[in-house]
Amino acid sequence: MKPKRKCNAEMTTDQDFVDCPKNSLWGGSDAIFAVRLVDWQRRCGRRDLPWQGNDPYRVWLSEVMLQQTQVRTVLPYFARFVARFPTVEALAAAPLDEVLALWSGLGYYARARHLHAAARLWVARWPRSCPRGAQEWVQLPGVGRSTAAAIAAFVQGERVPILDGNVQRVLCRLFAVEEDPRAAATAGRLWDLAQSLLPHDSDDMPAYTQGMMDLGALVCTRARPRCDVCPVVDLCAAHCLGIAAELPRKRARAPVPEQDLRWGWYEEDGAVWLVRRAPQGIWGGLWCLPQEDQAPPGAWRAAGEIARLTHRLTHFTLKITVTRYLPQAPRAVEPAAAWGEEARCLAPADALALGVPQPLRRLLERAVDSLAESGNEGERRIGVAKGKFEVLERIDGHDKEIERLLRGGGKP
DNA sequence: AAGTCGTGGAT
DNA sequence: TATCCAAGACT
């Protein structure tokens, strides 16, 4: 698209400034941007999401779930969550383990721990009520400036701006901001711009806030923005300059490093040992296979590697090797003290009811499938059927042994 | 104040 | 396939 008018750096005369769309954004009290956006949201925006309304609990819960997570992904988790915990009181009364189990698979598990702590703080400090205004919402753990503003705008119509990824992109284009929006200095400027665009009437805040999100998600998208249907295209400096699709500028990202991880599949009479991970770090508080940072405990013998999983995260790639262990003696063995106090031995189907990280969830699901297939009562084993893993690599020099283990067989 | 934290959708 | 990144917060 070609620039239709001069803007920003090209402006040299007073007339250029008058012609620049950026000028009309600052054009006094008409608040044309907000008026247009609110009108557009009410006609074309999303109005049927299950958390929309003024229930503070549902709005808060959804905003936390939606942090760094797309709407499509959140929908089934939100439904399960409100079915199990219809109120903040119900959530506060639940054990953390149950919250983590419902959160399992959604990622960023600190959100679940903070959510649980926040629910308890909420009912203790605002009994039969809720935080009033962004200043109070932000006091809940897991609720930062943008999330607090979204809740306050939706529930109470407070005139406070949000600044999530969508809004950053919209503002970078609207004002032709070329700097990295995630740099601290740029963020401050974007917050100011966001504040300056708010509607004057607080009754418009819910539709306006939803409109900013909808505009970013549906029209002002990262790739191929739909400027042809944008309600504020004539106010957009980047469109004026013909660079809307190129903003925000993406910064170069370092290549993602790889990290090796070793898990132990300690199998005992059709069940497998799980340990709770420390609250800090990745998968904090979740149940997982014992991670073999040091030598595995005694009384077990290695029975081959049963899986190699590749798990990609934003900042690095995990290569997980899962080694199967069986008791040395036919009788049950004591859980190793090295695993800490919280260790449980569960059938795979039962383990799936706990909060577990996604790669382990897949592993357990395959084990359940395998049990269902091979279901002989006498020879119950947690075999893993060949070809059922998402990612399974041949392990050099042990193909036959691996194959046999993958079938869940015993000695040949 | 950069690093860390998950998973899946979209291109 | 590889890459970016999503209704960010916390340390």
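Which polar backbone atom is 2.8 Å from a phosphate oxygen of DNA strand C? The backbone atom belongs to G144. The views below start from the whole chain and then turn to each DNA strand and to selected residues.

This is a predicted model, in which local features need pLDDT of at least 70, side-chain atom pairs count only at pLDDT 80 or more, and totals for chains, interfaces and linings use all residues. Residues are numbered from 1 along each chain as its sequence is written, chains are lettered from A and ligands numbered from 1 in the order in which they are written, and side-chain values use heavy atoms, with hydrogens and water left out.

**View 1. Chain A as a whole.**
Chain A has 17 helices and six strands. Helices (H or I, at least four residues) and strands (E, at least two) are DSSP runs, numbered from the N terminus. Of its 412 residues, 48% count as buried. Buried means under 20% relative accessible area, exposed means over 50%, and partly exposed lies in between (1.4 Å probe, protein chains only). Chain A exposes about 20700 Å², and carbon and sulfur atoms supply 50% of that area. Accessible areas come from the Shrake-Rupley method with a 1.4 Å probe; for residues, only the protein chains shown count as cover. Among contacts in chain A with a separation of 6 or more, 64% join residues 24 or more positions apart. Contact means heavy atoms within 4.5 Å.

**View 2. The surface near DNA strand C.**
A residue is near a strand if one of its heavy atoms lies within 4 Å of it. DNA strand C has 28 residues around it, and E63, G142, T147, G165 and N166 come nearest. By class, this surface has eight nonpolar, twelve polar and eight charged residues. Ala, Val, Leu, Ile, Met, Phe, Trp, Tyr, Cys and Pro count as nonpolar, Asp, Glu, Lys and Arg as charged, and the others, Gly among them, as polar. Helices α10 (145-156), α11 (165-174) and α13 (205-219) each supply at least two residues.

**View 3. Polar contacts to DNA strand C.**
A polar contact is a pair of N or O atoms within 3.5 Å; within protein, one must be able to donate a hydrogen and the other to accept it, and residues adjacent in sequence count only if both atoms are side-chain atoms. W51 reaches a base instead: a polar side-chain atom lies 3.0 Å from a base nitrogen.

**View 4. The surface near DNA strand B.**
Of 22 residues around DNA strand B, Y108, Y109, W283, H311 and T314 come nearest. The side chain of Y108 has an N or O atom 2.6 Å from a base oxygen. A polar side-chain atom of T69 lies 3.2 Å from a base nitrogen. At Q358, a polar backbone atom is 2.8 Å from a phosphate oxygen. Two elements give two or more residues to this surface: β4 (300-312) and α16 (358-374). The largest share, three residues, comes from α16. The classes are nine nonpolar, eleven polar and two charged residues.

Q41 sits in helix α3 (residues 32-44). Its relative accessibility is 3%, so Q41 counts as buried. Beyond its neighbours within four places in sequence, Q41 is in contact with R46, R47, A207, Q210, G211 and D214. R42 and D204 meet in a salt bridge (3.2 Å, N to O). R42 lies in α3 and D204 in the loop between α12 (184-196) and α13, so the pair ties together parts that are 162 residues apart in sequence. A salt bridge is a side-chain nitrogen of Lys or Arg within 4 Å of a carboxyl oxygen of Asp or Glu. The structure holds 15 salt bridges.

**View 5. Helix α4 and its cap.**
Nine of the ten residues of helix α4 (residues 56-65) are buried, so the helix is largely enclosed by the rest of the structure. Among the buried residues are W60 and E63. D55 caps the N-terminal end: a side-chain oxygen lies 3.0 Å from the backbone nitrogen of Y57.
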